Amino acid sequence: MRVLFVENHDSFSLNVVDALPVDRQDVVLRPGREVARDLGSLDGVDLVVVGPGPTDPARAGIVGVVQSAVLRRLPLLGICLGHQALGLAFGAKLIRVAPVHGKQSAITFSRSRLFPSFVGRQTMMRYHSLALTGIAAPLHIIAQTDDGIAMAVEHESLPMAGLQFHPDSFASPRGKELIANFFECLK
Amino acid sequence: MKLAELEDQPSFALLGPGFGGSPFLLLRDLRPASGADPLLVFARFEDAGAGALKLAAATVRPCAIDLDDNPQPLDLVLAAPDYASQVGQIREAIACGDVYQVCLTVRALVEQARGAELLSLMCRRGVPRFAAWVRLPDGSEFVSASPELLFETDGRQVHAEPMKGTASPSSSGVLEASEKDRAELAMITDLVRNDLAQVCRQKTIRVANQRRVLKLPYALQTVSDIVGVLDDGKTALDVLAALHPGGSVTGAPKQAALAMIGQLEPDLRGAYCGALGLLTGERAVFSLLIRTASRSAQGWVYGVGSGIVYDSDPQAELEELRVKLGALIASSAE
């Protein structure tokens, strides 16, 4: 399997790469802006992971990467900034919320297509001060905080999902399992 | 050995117990060298870890030292005129998603002091783990009372110990209960895992301790322990290149935090927040040079800083800086 990791100047990128259920050699890391300029780098890729990072997806220049992956019907997992990019690509909006960085939250998962082993409450680590709002079909919210902030979305037919929290953090006990669940669903 | 005897030496490094001395190691007559055993390694905050200075010593020996009997208490004043406004700018950058935490530092000036006096003040309530007094061949000089291990390696094993979270020693239980301090440390723990992943074998990095309290004479601090197995061919110098400057003195994400530090802090940090290491055989130990005074034309410049997060209150952060001044202002004032 060939995985493209879209890197966005974050200090958590390699935690995500290390948490993927594949060998490190199967992952190609490329800066988000570079992929956006050269969408041919999506050729021959089996799965795209759009990683976390500061600013917002528009300023980071990565919404076009998600749109191109949609046209190619490529499996895509967005984490934090990548989740927000997935939302923007499907018409959702970003708003400021009370910043939460380095803190765990209880997150409630509803039944989903791409994370079938995860239903009910999970503890996950959060790093964000922006969040998606106005999420509408074909995206669906599949997890949220107790105060109603969208924490995960999936596409209703394409193999695409976004996670606002950090499954890669040491403080997300079942984070790696969650990512593995997504990869298993693609088989 | 009397500490004051070192004042006349052209170059030396006196290293505390954390570097393997008993209690101190004295390296004399330092000269640049690409390899030596032991090898002393130093990087300023602004240096790339890969460009660290490497030094060999003409003589290396363990030694005990006699502290100055009655070092004069110091009158330190923090120069932080724009501090509240700087904290405000960082909080706004956090709110719009540009950064998650920034370690903001300020300086205190000690106009007249000898290095021996400073080290004596720092050691008189117990020798700090990474106590150090270093004069480099170029004449630059610093004294450190650092309690922070940047990382150590032993063969292929690597261990990093970022420090984040501070309280006064009398405030029992407050630090442990603080969600803000817990989050500051957790952020840097994730950052250090990421930095170690550049040099470690895949899926070998783990957090051995999420949070434990270190008791210092003047403060309580929290640290985490992150361990991993180095990739084939990676050395302690590669680890330095990956970790320096340490995440606990930058903030996260590192690149964005360093850009804000560059905008907000008027002076370079230099040795302060740099790295000092000793490579001996299969082992290497690097301290992160916090609680460190550097000699300048005006006197000794002592830096103190703290991690600014969205929950930060400028008054509380200034109080934390005063606690950290306690490493230098000894008990006579208490």
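Trainee: In which loop of chain B is B:Pro23 found?

Mentor: This is a predicted model, so every value discussed here is computed from its atoms. The peptide bond from B:Ser22 to B:Pro23 is cis, with omega near -5°. As for its place in chain B, B:Pro23 is found in the loop between strand S1 (12–15) and strand S2 (24–32).

Trainee: What is the omega of the peptide bond from B:Asp37 to B:Pro38, and is that bond cis or trans?

Mentor: Most peptide bonds are trans. B:Pro38 has its place in the loop between S2 and strand S3 (39–43) of chain B. The bond from B:Asp37 to B:Pro38 is cis, and its omega is near 0°.

Trainee: Where is A:His9 found, and how many other C-beta atoms lie within 10 Å of it?

Mentor: Although A:His9 is not a glycine, it has a positive phi of about 55°. A:His9 is found in the loop between strand S1 (3–7) and H1 of chain A.

Trainee: Is B:Cys273, which has a positive phi, buried or exposed?

Mentor: The phi of B:Cys273 is near 70°, a positive value in a residue other than glycine. Its place is in the loop between helix H6 (254–264) and strand S15 (275–280) of chain B. With 25 other C-beta atoms within 10 Å, B:Cys273 is buried.

Trainee: Why can the buried residues of H7(B) be said to line one face of the helix?

Mentor: Helix H7 of chain B covers residues 314–325 and reaches 17 Å from its first C-alpha to its last, close to the 16 Å expected at 1.5 Å a residue. Its buried residues are B:Glu317, B:Glu320, B:Leu321, B:Val323 and B:Lys324. Seen down the axis of H7(B), these buried residues line one face because they fall within an arc of 155°.

Trainee: Which elements of chain B do the buried residues of H7(B) pack against?

Mentor: The partners of these buried residues include one helix segment, H1 (83–95) of chain B. The strands they pack against in chain B are S5 (78–79), S6 (101–110), S11 (163–167) and S18 (299–308).

Trainee: Which residues does B:Met122 touch, not counting residues up to four places away in sequence?

Mentor: With residues up to four places away in sequence left out, B:Met122 touches B:Pro128, B:Ala131, B:Val143, B:Ala145, B:Ala327 and B:Leu328.

Trainee: What separates the C-alpha atoms of B:Phe130 and B:Gly277?

Mentor: B:Phe130 lies in strand S7 (residues 130–135) of chain B, and B:Phe130 is buried, with 26 other C-beta atoms within 10 Å. Residues that B:Phe130 touches include B:Gly16, B:Phe19, B:Pro147 and B:Ser287. B:Phe130 and B:Gly277 are 147 residues apart along the chain, and their C-alpha atoms are separated by 9.9 Å.

Trainee: Which element gives the most to the side of chain A that touches chain B?

Mentor: The contact takes 23 residues from chain A and 33 residues from chain B. On the side of chain A, helix H1 (13–19), strand S5 (93–109) and strand S6 (120–133) each supply at least two residues. The residues of that side divide into eight nonpolar, nine polar and six charged. The element that gives the most, with five residues, is S5(A).

Trainee: What is the radius of gyration of chain B?

Mentor: The secondary structure of chain B comes to seven helices and 18 strands. The globule rule gives 20 Å for 334 residues, and the value for chain B is close to this, so chain B is as compact as a globular protein of that length. Its radius of gyration is 19 Å.

Methods
Residues numbered from 1 in each chain as written. Chains lettered and ligands numbered in written order. Predicted model: local features only at pLDDT ≥ 70, side-chain atom pairs only at ≥ 80, totals over all residues. Helix = DSSP H or I, 4+ residues; strand = E, 2+ residues; numbered from the N terminus. Expected span 1.5 Å × (residues − 1). Buried ≥ 20, exposed ≤ 12 C-beta atoms within 10 Å, placed from the backbone. Arc of directions from axis to C-beta. Contact = placed C-beta atoms within 7 Å. Nonpolar A, V, L, I, M, F, W, Y, C, P; charged D, E, K, R; others polar. Rg over C-alpha atoms; globule rule 2.2 N^0.38 Å.
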